[in-house]
Amino acid sequence: MRVRVLVRLKPGILDVQGAAVQRALLGLGFGDVRELRVGKLIEVEVEAGAAEAARARVDEMCRKLLANPILEDYTIETVEGERLAPH
Amino acid sequence: MRLGVVGFPGTWSYCDFHYVISEVVRQPVRYVWHRDRDLADLDCVVLPGGFSYGDYLRAGAVAGKSPVVEALGDFAARGGFVLGSCNGFQILCEGGLLPGALMRNECLQYRCQSTSLLVENVDTPFTRGMPPGQVLTMPISHGEGKHYADPETLRTLKARRQVVFRYATADGQVVRAANPNGSVENIAGVVNEGGNVLGLMPHPERAAETAMGGTDGLLLFQSLLGTLVEDGTFLRR
């Protein structure tokens with residue numbers, strides 16, 4: 001089962017990387033960017049019979065390692081029908 | 001008494017710590033590998049700076065869940081002393097031994113420079129040899145040293161005097177201009193509630209001989225040794 005985890009800084013926590021990227025875009029003529037935040041995408045292929053079981057397992061991984069609950073929120077989605085990377 | 005210096009793949013300051021403990025303060029010391037869980041012969045464990053496991057995912061995140069750091073939980077609960085510097089501080093926060101987290105420097109630059117540190121609490125086992133109001137000079141070398149704690153945690157930290165070091169000017173003024181990384185309220189080092197686990201971003205091991213440009217870091221080692229001597233730990237070994 002393929003699972004996609006999106007890890008983001010919590011709202012209200014200053015994202016200096018995002019601010020730097022936004023400034024760079026401004027320099028490239030994208031003055032219409034109102035806000036930009038940088039997050040992390042983690043793709044996991046996990047052995048599980050059902051989507052719910054896979055999500056529960058990955059949720060456990062997030063709480064133990066993949067996200068830092070002091071700084072970050074995360075969302076988990078299962079992905080149908082595509083491989084994470086070509087083998 | 002005996003000290004241990006932990007090495008992870010990617011640690012860089014472990015030889016420096018080992019050198020200062022064995023050659024400068026002249027105490028028994030051994031290396032501890034990141035897979036070791038047996039710390040029974042040690043009174044103090046040092047987590048040095050570097051880039052443990054490449055700092056992949058987040059600085060100190062993977063090391064924070066390693067066998068040796070899991071064992072440190074019990075070690076600290078039994079009263080053992082733990083000192084984490086730089087990456088060691090990040091690891092202690094990621095491992096849940098210290099409150100808060102360390103984030104990317106607000107300036108986005110890697111900062112390698114000398115800093116002045118105001119010692120806010122001289123009643124910890126690591127700072128007891130210092131007079132109140134002492135300002136120490138120690139180098140920092142990090143890209144992710146901005147300490148962050150949510151407002152509630154921050155209030156608790158201050159109420160319990162767990163903030164030990166703050167970035168300051170050379171005359172001890174805690175001001176924004178003296179803050180190299182954007183750390184909340186200029187926090188440079190904190191202790192746990194029990195006072196036996198200290199984390200700080202600066203490098204005391206790089207300010208321990210005149211040839212290094214300063215010896216203020218020695219005060220931390222000497223304070224700790226004084227603590228170990230006074231509580232009789234050294235007599236038991």
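Colleague: How many helices and strands are there in chain A?

Modeller: Chain A has two helices and three strands, where helices (H or I, at least four residues) and strands (E, at least two) are DSSP runs numbered from the N terminus. Their order from the N terminus is β-α-β-α-β. This is a predicted model, in which local features need pLDDT of at least 70, side-chain atom pairs count only at pLDDT 80 or more, and totals for chains, interfaces and linings use all residues. Residues are numbered from 1 along each chain as its sequence is written, while chains are lettered from A and ligands numbered from 1 in the order in which they are written.

Colleague: Is chain A spread out or compact?

Modeller: Chain A is more spread out than a compact globule, because its radius of gyration is 16 Å, well over the 12 Å that the globule rule gives for 87 residues. The radius is taken over C-alpha atoms, and the rule is 2.2 Å times the number of residues to the power 0.38. The C-alpha trace spans about 50 × 30 × 20 Å along its principal axes. Of the 87 residues, 11% count as buried, that is, with 20 or more other C-beta atoms within 10 Å of their own; 12 or fewer makes a residue exposed, anything in between partly exposed, and C-beta atoms are placed from the backbone.

Colleague: In what order do the strands of the chain A sheet come?

Modeller: The order in this open sheet of three strands is S2-S1-S3, with antiparallel pairing; two strands pair if DSSP finds at least two bridges between them. Strands S2 (40-45) and S3 (72-79) of chain A stand at the edges with a single partner strand each, so one side of each has no neighbour in the sheet. Neighbouring strands are turned by 20° against each other on average, direction ignored. The axes are lines fitted to C-alpha atoms, for helices over the stretch in contact, and angles run from 0 to 180 degrees between N-to-C directions.

Colleague: How many bridges join S1(A) to S2(A)?

Modeller: Six bridges join S1 (residues 2-9) of chain A to S2(A), and the two run antiparallel. In S2(A), A:Lys40 is the bridge partner of A:Val7.

Colleague: What lies across those strands?

Modeller: Helix H2 (residues 51-66) of chain A lies across S1, S2 and S3 of chain A, at about 155° to S3(A).

Colleague: Turning to chain B, how many helices and strands?

Modeller: Chain B has five helices and eleven strands. Buried residues make up 54% of the 237.

Colleague: Which strand pairs with S1(B), and in what sense?

Modeller: S1 (residues 3-7) of chain B pairs with S2 (residues 29-33) of chain B in the parallel sense, over five bridges. B:Val5 stands opposite B:Tyr31 in S2(B).

Colleague: And B:Pro67, buried or exposed?

Modeller: B:Pro67 counts as exposed, because it has 12 C-beta neighbours inside 10 Å. B:Pro67 lies in helix H2 (residues 67-77) of chain B. B:Arg37 is 30 residues away from B:Pro67 in sequence, and the two are 6.0 Å apart in space, C-alpha to C-alpha.

Colleague: How many residues of chain B are in contact with chain A?

Modeller: Eleven residues of chain B are in contact with eight residues of chain A, contact meaning that their C-beta atoms, placed from the backbone, lie within 7 Å.

Terms used
Contact = placed C-beta atoms within 7 Å.
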